Amino acid sequence: PTDIEFAVRSGRIHIVHSRVLRQSPAAQIINSYDFYREGIYSPYKLIKRTACSRNKKITNTYLDRKAADSVPVIAIGKPVFGGAVSGRIIIDQNTIARFEGPLIFLTESNVPPRVIMEENRFAGYISKEGGVTSHAALIAIGEKKPCVTDIPWVRGEGIDEIIMAGIQLREGDLITLDANTGTIYLREIPI
């Protein structure tokens, strides 16, 4: 599959950019099987695109469902790229150094360059708007990290307060992001 950006000018379509579409391992398996059923892929190509080596990337990307059932759900949005991670929620790019361990960046739409430069610190992204074509989603796909978009949140009264879907959080709180289902959980959940 190919991702194509285009523009229409004076009634003509112009291709602006084209690149191979990056997919999560699970999406690649599903799409490959669909292409096989439609006659686009041969049996050989289906096996090649869904071989065991690719399937290994899927392990350790799903939450322990029993544990997830006992943890409060903060919000449900649109999943991007898949996978599940736990980390400390960050809204201010200037506070990255204050927190240890994996971080999850919360943005209204765009991921700032400083966060992109510190990509090794971030385990995932949450975006307020933009859907699966938002800047945060595209960054997450490029970095092969989980992302959930269309999560309603606003800044609270304090500088580090966040109100997400009616639940008050503070920058640095530990949350779990499940980009397989689009669910954000209030605490860390085993993966």
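Which loop does Thr61 lie in? Thr61 lies in the loop between α3 (52–55) and α4 (65–69). Before going further, note that this is a predicted model, where local features need pLDDT of at least 70, side-chain atom pairs count only at pLDDT 80 or more, and totals for chains, interfaces and linings use all residues. Residues are numbered from 1 along each chain as its sequence is written, and side-chain values use heavy atoms, with hydrogens and water left out.

**The chain as a whole**

- The protein chain has six helices and 13 strands; helices (H or I, at least four residues) and strands (E, at least two) are DSSP runs, numbered from the N terminus.
- Its C-alpha trace spans about 55 × 50 × 30 Å along the principal axes.
- Of the 191 residues, 40% are buried; buried means under 20% relative accessible area, exposed means over 50%, and partly exposed is in between (1.4 Å probe, protein chains only).
- Take the contacts (heavy atoms within 4.5 Å) between residues at least 6 apart in sequence, and 51% of them join residues at least 24 apart.
- The accessible surface comes to about 11000 Å², with 54% of that belonging to carbon and sulfur atoms; areas come from the Shrake-Rupley method with a 1.4 Å probe, and for residues only the protein chains shown count as cover.
- There are 24 positive and 21 negative side chains, and the centres of the two sets lie 9 Å apart. Lys and Arg count as positive and Asp and Glu as negative, leaving out His and the chain ends, and each charge is placed at NZ of Lys, CZ of Arg, CG of Asp or CD of Glu.

**Around Thr61**

- Thr61 and Asp178 are 117 residues apart in sequence, yet 8.7 Å apart in space, C-alpha to C-alpha.
- Leaving aside residues up to four places away in sequence, Thr61 touches Gly83, Ala84, Asn180 and Ile191.

**Aromatic rings**

- Rings of Phe, Tyr and Trp (its six-membered ring) pair if their centres lie within 6.5 Å; planes under 30 degrees apart are stacked, over 60 edge-to-face and the rest tilted. By this rule there are four aromatic pairs.
- Phe35 and Tyr41 count as edge-to-face because their ring centres are 5.1 Å apart and their planes at 85 degrees. Phe35 is partly exposed at 22% relative accessible area, while Tyr41 is buried at 10%.
- Phe105 and Phe122 are also edge-to-face, at 5.8 Å centre to centre and 90 degrees between the planes. Phe105 lies in strand β6 (residues 103–107) and Phe122 in strand β7 (residues 122–127), so this pair ties together parts 17 residues apart in sequence.
- The charged end of Lys128 sits over the ring of Trp153, 5.5 Å from its centre; the rule is NZ of Lys or CZ of Arg within 6 Å of the ring centre and within 35 degrees of the ring normal.

**Helix α6 and what follows**

- In α6 (residues 135–143), Ala136, Ala137, Ile139, Ala140, Ile141 and Glu143 are buried.
- The buried residues of α6 pack against β4 (78–80), β6, α5 (113–117), β7 and β8 (147–149).
- Just after α6, in the loop between α6 and β8, comes Lys144, which has a positive phi of about 60 degrees although it is not a glycine. Lys144 is exposed, at 55% relative accessible area.

**Another positive phi**

- Ala165, in the loop between β10 (161–164) and β11 (167–170), has a positive phi near 50 degrees.
- At 41% relative accessibility, Ala165 counts as partly exposed.
- Most residues other than glycine have a negative phi.
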